[in-house]
Amino acid sequence: MALNDLFDQVERNREAYLETLFTLLRQPSISAQNMGVRECAGLLAGMVREAGMDAKIMETKGQPVIFAERIVSPDAFTVLFYGHYDVQPPEPLESWHSEPFLPEVRDGKIFGRGTGDNKGQLLAHVLAVKTWLATRGEVPLNVKMVFEGEEESSSPHLDAFVAQNRDLLKADLVYTSDGSLHETGAPLVILGVRGILYIELTAWGAKWDNHSGNKGGVVPNPAWKIIDLLQTMRDSHGNVRIEGFYDGVSPPGPATLDLIRRLPFDKEKTRAAIGYDGFDMDVETYYRKLMLEPTFNIAGFTSGYGGEGSKTIIPAKAVLKVDFRLVGDQDPEDIFQKVSRHIKQHAPDIQVKFMGAMKPSRTRPDLPSIQRVVEAVRQAYGMEPIVQPSLGGSLPDYVWTRTLGVPSVLVPYANADESNHAPNENLDLDKFYAGIKCTLSVLDRLSRVEK
């Protein structure tokens, strides 16, 4: 079905839709500082209702969640759009060229905190529904929306919210627009994320620092305790030696390998971008390691003296910070227990502290709904999208694929230079309207999926 009438409606309402976004951007909603979040929830819920959906504000142990739906038939396909209305703190304020909560357009870009991350992108879904209802009278499938107010604070209550409201949130696909298009300008369709487990290890020696000569060889050095432990946890080839660590890690299937072989890759540009002259991988090795394999990373190691000059001491304390990126069916709680058992066996006096975790998430590329999304993105942008099996980083996508048990897809709408989390955050004006049109195309294509 041609979408010209819907796209024309977007063009006729460019100014009105932009003012709706400006209204949302003017309302601060900084979850880290508990500033304006509830007020923003009320404002956004009103916008969703005005677009033609039933919307309500639902409480969590933290900030509220906006839930909305428009149900056309119990037998129709149901898509759930997820986004977040909270934003990062705007500091440093002196680095902004305009007020962060007084949006303005300059050089074809909308500047303001939350433009790309994530108010501009979630509003694209709301305005797409509004456009469809105004043009054709009814949407062609069931639409639900979940907008949370704590994503910028690691979504501490989203998993519990989803678990407690499974029936209400029941859907056939979760669709998220967050992040940016590929640096080439090509649209992305992302099918997963790696999980993460972050821990802290602390070792002690004496009650205070000692002279490395007068007490050398007598007082134990806690830094060596941690180094000796690390040698039992990982071999010289990078393989993790913790028993059961690789349980749940399966080799990628042919469809996934085909996807990564088609991803854009330039060895020289990658070498320059990461600042490592020794980088020398082919496309498949690079993406396998970045997306499909777990890691064991030392994020920080602190002990003794690290200032200018020399200081001859035996430190009393050593602290190691570690993150594990997880894939497949690895569970961070299970990995934490296995790591703890390993440490208890090899270095029982070293303390292990759990710092945070997210489960990995993956959606199969061969699902009919995913194929329809790829078609929709291709139609909306007029170019072939880059289909990426996973991000290397971590997001709370598992709440949809694991807790709710629904396939999930991430399709970013923002420009690659959006400066999210930084001063002068922005969203290309054309990308804002293109996002609305992409969601319209997604609604159209998903309505044709047979349940």
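1. The expected span of a helix is 1.5 Å times one less than its number of residues. The model under review is predicted. In this model, helix 14, residues 429-446, comprises 18 residues. From its first C-alpha to its last, helix 14 reaches 26 Å, close to the 26 Å expected at 1.5 Å a residue.

2. How is helix 14 placed relative to the rest of the structure? Of its 18 residues, 15 are buried, so helix 14 is largely enclosed by the rest of the structure. Residue C438 has a relative accessible area of 0% and is buried because a residue under 20% falls in that class.

3. The number of disulfides in the structure is 0. A disulfide is a covalent bond between the sulfur atoms of two cysteines.

4. The largest pocket holds about 1100 Å³ of space. Its lining is made up of 43 residues, and those nearest the centre of the pocket are S180, L188, Q388, L391 and G392. Two or more lining residues are given by each of strand 8 (188-190), helix 9 (267-274), helix 10 (283-292), strand 15 (351-358) and strand 17 (386-388).

5. By class, the lining of the second largest pocket has 8 nonpolar, 6 polar and 4 charged residues.

6. Which residues lie closest to the centre of the largest cavity? The structure holds 1 cavity of 30 Å³ or more, and the largest cavity contains about 170 Å³ of space. It is lined by 16 residues, of which Y82, T176, L395, D397 and L410 are the closest to its centre. Strand 3 (78-84), strand 9 (192-193) and strand 18 (408-410) each give two or more residues to this lining. Strand 18 supplies the largest share, with 3 residues. The lining of the largest cavity comprises 9 nonpolar, 4 polar and 3 charged residues.

7. The aromatic contacts form the last topic. There are 12 aromatic pairs in the structure. In one of them, the ring centres of F245 and Y246 are 5.1 Å apart and the planes stand at 90 degrees, so the pair is edge-to-face. Ring pairs join F245 and Y246 with F296 and F324 in a cluster.

8. Are F245 and Y246 buried or partly exposed? F245 has 1% relative accessibility and therefore counts as buried, whereas Y246, at 35%, counts as partly exposed.

Note on methods:
Residues numbered from 1 in each chain as written. Predicted model: local features only at pLDDT ≥ 70, side-chain atom pairs only at ≥ 80, totals over all residues. Heavy atoms only, no water. Disulfide = S-S within 2.5 Å. Buried < 20%, exposed > 50% of the residue type's maximum accessible area, 1.4 Å probe, protein only. Helix = DSSP H or I, 4+ residues; strand = E, 2+ residues; numbered from the N terminus. 1 Å grid on protein atoms, 1.4 Å probe; cavity = no way out; pocket = protein on both sides within 12 Å on 5 of 7 lines; lining within 4 Å. Points joined across faces, edges and corners; volume = space filled by probe spheres on them. Nonpolar A, V, L, I, M, F, W, Y, C, P; charged D, E, K, R; others polar. Phe/Tyr/Trp six-rings, centres within 6.5 Å; stacked < 30°, edge-to-face > 60°.
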